[in-house]
Amino acid sequence: MARGVHLRAVYQDSARHDGPTLAYAKWTTERGGLVRTSALLPPRMLIFDRKVALVPIDPENSRLGALCTSAPGIVASLVSLFQQTWETSVPLGNDHRSPEEDGISPGDRDLLRLLASGMTDEAAGKRLGVSMRTVRRQMASLMERLNASSRFEAGLKAAHRGWL
């Protein structure tokens, strides 16, 4: 990358297990870019020099084109959203699965939050970038750790432990 150019990118955690995406992310870091991953991402965006932003016209289909704006209020809001995501994401070289002190991994916490907000397993999996099978396996593991016989009971116990 050219001197003075600082690229920062955040990918979904699932990118750590996708060969081509992981290779591209490593290629980026070898050239001076900074890459992190997160379980939850904001809508796609590109921000240039904190002055210009590109966002998809349709977030569900980015092939339909993008909106380019230099409106200070919009760009500042997008920069703030990206910065919040950046601060809570994990650098690419770090192990993102290590449990926090309270005994729950960030991925488990994200799943619980999404399900507690009313999302279905399918919607939560899509948002997290994981399969239905992974969501169900992760939830079964959480229920076992919480010694819960239903999801409702698991939700109550997770909230009681401060996981939500």
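**View 1. Where helices α4 and α5 cross.** In this predicted model, the axes of α4 and helix α5 (residues 132–146) approach to within 9 Å and cross at roughly 105°. Axes here are lines fitted to C-alpha atoms, for helices over the stretch in contact, with angles running from 0 to 180 degrees between N-to-C directions. α4 is therefore roughly perpendicular to α5, a label for angles of 65 to 115 degrees (under 35 is roughly parallel, over 145 roughly antiparallel, and the rest oblique). Look for Asp121, Glu122 and Gly125 of α4, which meet Met132, Val135 and Arg136 of α5; contact means heavy atoms within 4.5 Å. By class, the residues of this contact are two nonpolar, one polar and three charged. Ala, Val, Leu, Ile, Met, Phe, Trp, Tyr, Cys and Pro count as nonpolar, Asp, Glu, Lys and Arg as charged, and the others, Gly among them, as polar.

**View 2. The open sheet of three strands.** Its strands follow the order β1-β2-β6, with mixed pairing; two strands pair if DSSP finds at least two bridges between them. β1 and β6 (90–91) stand at the edges with a single partner strand each, so one side of each has no neighbour in the sheet. Between β1 and strand β2 (residues 34–38), the pairing is parallel over five bridges. Within it, glutamine 12 sits opposite serine 38 of β2.

View 3. On a 1 Å grid over the protein atoms alone, a pocket is an open set of points where a 1.4 Å probe fits, with protein on both sides within 12 Å along at least five of seven lines; lining residues have an atom within 4 Å of a point. Of the 41 lining residues, Val10, Pro42, Pro43, Arg44 and Met45 lie nearest the centre. Elements supplying at least two lining residues each include α1 (19–30), β4 (52–56) and α2 (72–88), while β1 gives the largest share, five residues. The lining comprises 22 nonpolar, eleven polar and eight charged residues.

**View 4. The protein chain as a whole.** Six helices and six strands make up its elements, which are DSSP runs numbered from the N terminus (helices H or I, at least four residues; strands E, at least two).

**Notes.** Residues are numbered from 1 along each chain as its sequence is written. Local features need pLDDT of at least 70 and side-chain atom pairs pLDDT 80 or more, totals for chains, interfaces and linings use all residues, and side-chain values use heavy atoms, without hydrogens and water.
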